[in-house]
Amino acid sequence: MTYILGLNAFHADSAACLVKDGTLVAAAEEERFRRIKHWGGFPSEAIRYCLKEAGIGLDAVAHVAINRDSRANLWRKIAYVVAKRPSVDLVMSRVRNRQQWADVRTQLTETLPEMRFNGEVHQVEHHLSHLASAFLVSPFDKAVAVSVDGFGDFASASWGIGDGNSITIDGRVHFPHSLGIFYEGVTQFIGFPHYGDEYKVMGLAPYGEPAYAKQMEQLVRLRDDGTFALDLRYYTHAKEGSKYEVRDGTPSGGRIWSPAMVELLGPARRKDEPLEQRHKDIARSAQGMYENAFFNLLGALHRKYGLDAVVLSGGCAYNSVANGKIYERSPFKHCYIQSAGGDAGGAIGAAFQVWHTLPEGNAAKRHFVMDHAYWGPSATAGEVSIAIAARQADIDAANCNVETISDEAVLCERTAAAIAEGKVIGWFQGRLEWGPRALGNRSILADPRRADMKDILNLKIKRRESFRPFAPSILREAVPDWFETDDDVPFMMQVFRIRPARRASIPAVAHVDGTGRLQTVTQTGNPRYHRLISAFGTLTGVPIVLNTSFNENEPVVCKPEEALDCFLRTRMDVLVLGDIMITRRD
């Protein structure tokens, strides 16, 4: 048996995974244990979990793979420093990062002193890790592989062919040009300054018009070969760096847009200022520019390779709006995006890339397909009971009823009935999801038929911007009846148009432009969740539930104790922990 520990470390969305003989055993982001969003640093707790899940110690791990390689694109880095003379701060930040990535063995010794690692450490180039994270766990024997993000190892995009158990990289876009930087700069300009706020621009965009489309063409120049280039007058990162840092586990980056962007787009919005129509128009225009660049690249790659399947990775793979248009705006007919397309997913890519370069992995046919996202910690019935007992006084004070329902059919029917009554449900089942999306194991569920449900959720629990949509979880077999595109979307990574005749039936999950970021649910992928949605469909005629992440301005809950905390401090109506249903009495 060969165990490989894959890591994304010293960067936002720090994570670990464990691969055994080419099969994924466990994977989790460090934020779920540390309870700090996008936690950066060394993923010691995620490592502990993965080893515990496999029932092994660190001494059984033969290889550690990290999704960075400080040697990658080295001559380009040197040439850039000589020619462009960037700031000393930019150069020193790169040096510090390189030292961290190169010192994984010491980090393992210091953070897990009770364990001993005697294996080999592999640095896997950032974008190769991304490409591997998509292709090497995909259902395709051969596909075009594409990675697009901010930056990693001096590149912002790469592409090539995945064939069998190997990947060949044929092209890259290098620093300082980046679609991720383009989108991040506009995100900051509109007044969303926090790390990972780009999804807010996607949610805001449908409320605007592409009034700034011409200005966006000044920011990004598209080329006939599919590549792109930023006009660096509008950005500061090429000279000053992104000012990215991790402080006490929290990642952040300084402003990357220059004063020239104000001349182009008008005054920037401060985060405490109201959103105006102009900001919505900028968001719509930026999303349109990203899509033009994305499909310019995909179109060129399809012409180059002539394959019908594509796999996507990198932080930009979270642009679910663009992903949902792949079949409309590109010639590709099949697409796969794993549930953690961003940097966390690079841990899986690094591990699988190393496995397939080992003699035993290279000789073996690729057999593992990631068709579900449930790779994190679970809780036993005993652990759930202990957590409830510890909070029994608080549960009683909240005037709640606690009951065990061991018959799964009854549990799902009771929960479906509560959803249909307009109640908000905390749903905690099985293993934690891998990636940023709640996919039916750590979810808050509600009735998609209620036009006021978005306001109810924001009032009771989420307290987030009103323009952000909620997602529909739908039975896979019902997709063609409700959406204009029929495809598998198990990881909620694509936005499809809801059929016009159906939109009025599910207003809580229909965005202002008539779309929904759906999750398709199968009986094999998640039997209990499928049964719950089926019960709701039988009751209401709608085979869909509203699904949002089980949290309140924090990482998605991991343990039953955290689920109870969230339930008790919010106005959630029902909490289902495994087979136990906790209901607030009227």
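**Helix pair.** I first looked up helix α6 (residues 126-135) and helix α15 (residues 346-357), which pack with their axes 7 Å apart and at an angle of about 85°. That makes α6 roughly perpendicular to α15, a label for angles of 65 to 115 degrees. Axes here are lines fitted to C-alpha atoms, for helices over the stretch in contact, and angles run from 0 to 180 degrees between N-to-C directions. On the α6 side I noted Leu128, Ser129, Ala132 and Ser133, which meet Gly346, Gly349, Ala350 and Gln353 of α15; contact means heavy atoms within 4.5 Å. The residues of this contact divide into three nonpolar, five polar and no charged, where Ala, Val, Leu, Ile, Met, Phe, Trp, Tyr, Cys and Pro count as nonpolar, Asp, Glu, Lys and Arg as charged, and the others, Gly among them, as polar.

**Basis.** I kept in mind that this is a predicted model, in which local features need pLDDT of at least 70 and side-chain atom pairs count only at pLDDT 80 or more, while totals for chains, interfaces and linings use all residues. Residues are numbered from 1 along each chain as its sequence is written, and side-chain values use heavy atoms, with hydrogens and water left out. Helices (H or I, at least four residues) and strands (E, at least two) are DSSP runs, numbered from the N terminus.

**Open sheet.** I then traced nine strands that form an open sheet of mixed pairing, in the order β15-β23-β22-β16-β17-β21-β18-β20-β19; two strands pair if DSSP finds at least two bridges between them. Its edge strands, each pairing on one side only, are β15 (400-404) and β19 (494-497). Within the sheet, strand β16 (residues 425-428) runs parallel to strand β22 (residues 574-577) and is joined to it by four bridges, with Phe428 opposite Leu577 in β22.

**Helices on the strands.** Helix α24 lies across β15, β16, β22 and β23, running at about 175° to β22. Seven of the 10 residues of α24 (residues 560-569) are buried, so the helix is largely enclosed by the rest of the structure; buried means under 20% relative accessible area, with a 1.4 Å probe and protein chains only. I also checked helix α20 (residues 453-462), where eight of the 10 residues are buried, and found that these pack against β17 (442-446) and β21 (544-549). Arg463, which follows α20, has a positive phi near 50°.

**Hairpins.** Strand β6 (residues 142-152) runs antiparallel to β7 and is joined to it by eight bridges, and β7 in turn has eight bridges to strand β8 (residues 166-174), also antiparallel. Each hairpin has two residues between the strands, with Asp153 at a positive phi near 55° in the hairpin of β6 and β7 and Gly164 at a positive phi near 65° in that of β7 and β8. Eight of the nine residues of β7 (residues 155-163) are buried, so this strand is largely enclosed by the rest of the structure.

**Loop residue.** Last, I asked where Glu30 lies, and found it in the loop between β3 (23-29) and α1 (31-34). Glu30 counts as buried, at 0% relative accessibility, and its side chain reaches the backbone nitrogen of Ala46 at 2.8 Å. The C-alpha atoms of Glu30 and Ala344 are separated by 9.3 Å, although these residues are 314 residues apart along the chain.

Definitions and conventions:
Buried < 20%, exposed > 50% of the residue type's maximum accessible area, 1.4 Å probe, protein only. Parallel < 35°, antiparallel > 145°, perpendicular 65-115°, else oblique. Polar contact = N/O pair within 3.5 Å; in protein donor to acceptor, adjacent residues only side chain to side chain.
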